[in-house]
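Open the model in your viewer and keep the selection tool ready. The stops below are given in the order in which to select them.

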Amino acid sequence: MKIISVVGTRPNFVKEFFIHNELKSRGIKEILVHTGQHYDYEMSKVFFEDFNIASPDYYFENSSQSGIQQIANVMTYMESVLNKEKADCTLIYGDVNSTLAAAVASAKLRIPIAHVEGGIRSKSLYNPEEINRRVSDHLSMLIFACTRTDYENLIKENFPEDRVILSGDIMKDVILYMVKKDNIKVERGDYSVVTIHREENVESKERLKNIILGLSESKERIIFPTHPRTKQKLEEFGLIDEIIKNSKIEIKKPQSYREFVKLLAGANKVITDSGGVRREGYILKKPVVVLIDITWFPEILETGWKVVVDADPDKIASAVRNFEPPKIHPEIFGNGYAYKRIVGTLVDRFGDL
Ligand code: UD1
């Protein structure tokens, strides 16, 4: 049995770690393709170092200027890799541009696809990740859902039950492992962590300005690891000086996974527009303040551990200062063994092809 795993961005590298080890322990051959979507040291290589994952078998020097170009270039690249490797299955993760590109290339070549983290839905049809997720799900033979809602979304869309598996969330597996391995103390400290990278927030001067204003007005201590695009936009929009002169907000370069988990674990609150970081915040029992009005994982909202403030400065300042969740903290993202369910299913389904 031979599997091609396609990764391109930070959250993909994190998810690949456990799958990689589990495949290895079962003696299954995995070919790892890095699409180069994230390429800076802090956005890519450091994750391979953190997890001790061998260098990818294929690395694409991706120099795309736009998301569409990125998809087109990765798709063409994947055609040559897939034709050469003749694998039994292509494994894709999440909702990034590389995921969609690999899905289309693989489907066109009639290689079955398995999609980890499928079924997440929002009403924002033209959000870049929504497009990637919906198309990838439809082309996949197997879809692994993180939560019951994601599973039910697919059933409601008439996906046959034998294509959809409720696996739980592999991000939970990994974050719990990291906390345990490095003996990281999980406590509510004297700072909050903010991450901002969504296209909707960083490409709009008004939204980005309002978010920074809200954070400043909270007067709370905030640590802000910046994505390269966010940093670039803060500079372009003339907002960076505002942050630098504010002694309460501390800008940091993108963090390795290990360092980021430490930051999250010690944070008072997690403020984010990321789909992954809001889950990680919830799993580590942090109140989560969300900077975009797109509801992925409605379960978190239902528990009362998340508040959506969008890019409204007053709501942001007030939530960063005052938002407190209830005491009850239900399990949403599985039991910490999603990777076993995923690899077990892959073996059952594709093992004798
Ligand atoms: C991507 C994913 C998003 C995911 C995020 C994780 C899509 C549509 N978006 O967003 O779902 O949550 O990754 O971080 O796939 N850049 C650098 N250095 C890098 C990587 C990117 O400078 O190492 C620049 C790119 O050149 C580009 C911009 O950042 O101009 C955006 O990168 P891109 O990969 O398109 O989207 P992300 O914002 O990272």
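Start with C146. This residue is buried, with a relative accessible area of 3%. Bear in mind throughout that the structure is a predicted model.

How far is the sulfur of C146 from the closest cysteine sulfur? The distance to that sulfur, in C89, is 17 Å, which is too far for a bond. A disulfide is counted when two cysteine sulfur atoms lie within 2.5 Å. C89 is likewise in no disulfide, its nearest cysteine sulfur being that of C146. The structure as a whole holds 0 disulfides.

Next, select residues 170–181, helix α7, together with residues 257–265, helix α12. The axes of these two helices come within 10 Å and cross at roughly 85°. An angle from 65 to 115 degrees counts as roughly perpendicular, and α7 is therefore roughly perpendicular to α12.

Show side chains at this crossing. On the α7 side, pick M171, V174, I175, M178, V179 and K181. On the α12 side, their partners are Y257, R258, V261 and L264. Sorted by class, this contact of α7 with α12 has 8 nonpolar residues, 2 charged residues and no polar ones.

Move on to helix α16, residues 338–350. From its first C-alpha to its last, α16 reaches 18 Å over 13 residues. That is close to the 18 Å expected at 1.5 Å a residue. Which residues of α16 are buried? Select A338, Y339, I342, V343, G344, T345, L346 and F350 to see them.

Select E117, in strand β5, which covers residues 113–118. Phi of E117 is near 80°, a positive value in a residue other than glycine. Is E117 buried or exposed? Residues under 20% relative accessible area are classed as buried, so E117, at 4%, counts as buried.

Finish at F297, in the loop that runs between β12 (288–290) and α14 (298–303). F297 is not a glycine, yet its phi is positive, at about 55°. With a relative accessibility of 2%, F297 counts as buried.

Definitions and conventions
Residues numbered from 1 in each chain as written. Predicted model: local features only at pLDDT ≥ 70, side-chain atom pairs only at ≥ 80, totals over all residues. Heavy atoms only, no water. Axes fitted to C-alpha atoms, helices over the stretch in contact; angles between N-to-C directions. Helix = DSSP H or I, 4+ residues; strand = E, 2+ residues; numbered from the N terminus. Parallel < 35°, antiparallel > 145°, perpendicular 65-115°, else oblique. Contact = heavy atoms within 4.5 Å. Nonpolar A, V, L, I, M, F, W, Y, C, P; charged D, E, K, R; others polar. Buried < 20%, exposed > 50% of the residue type's maximum accessible area, 1.4 Å probe, protein only. Expected span 1.5 Å × (residues − 1).
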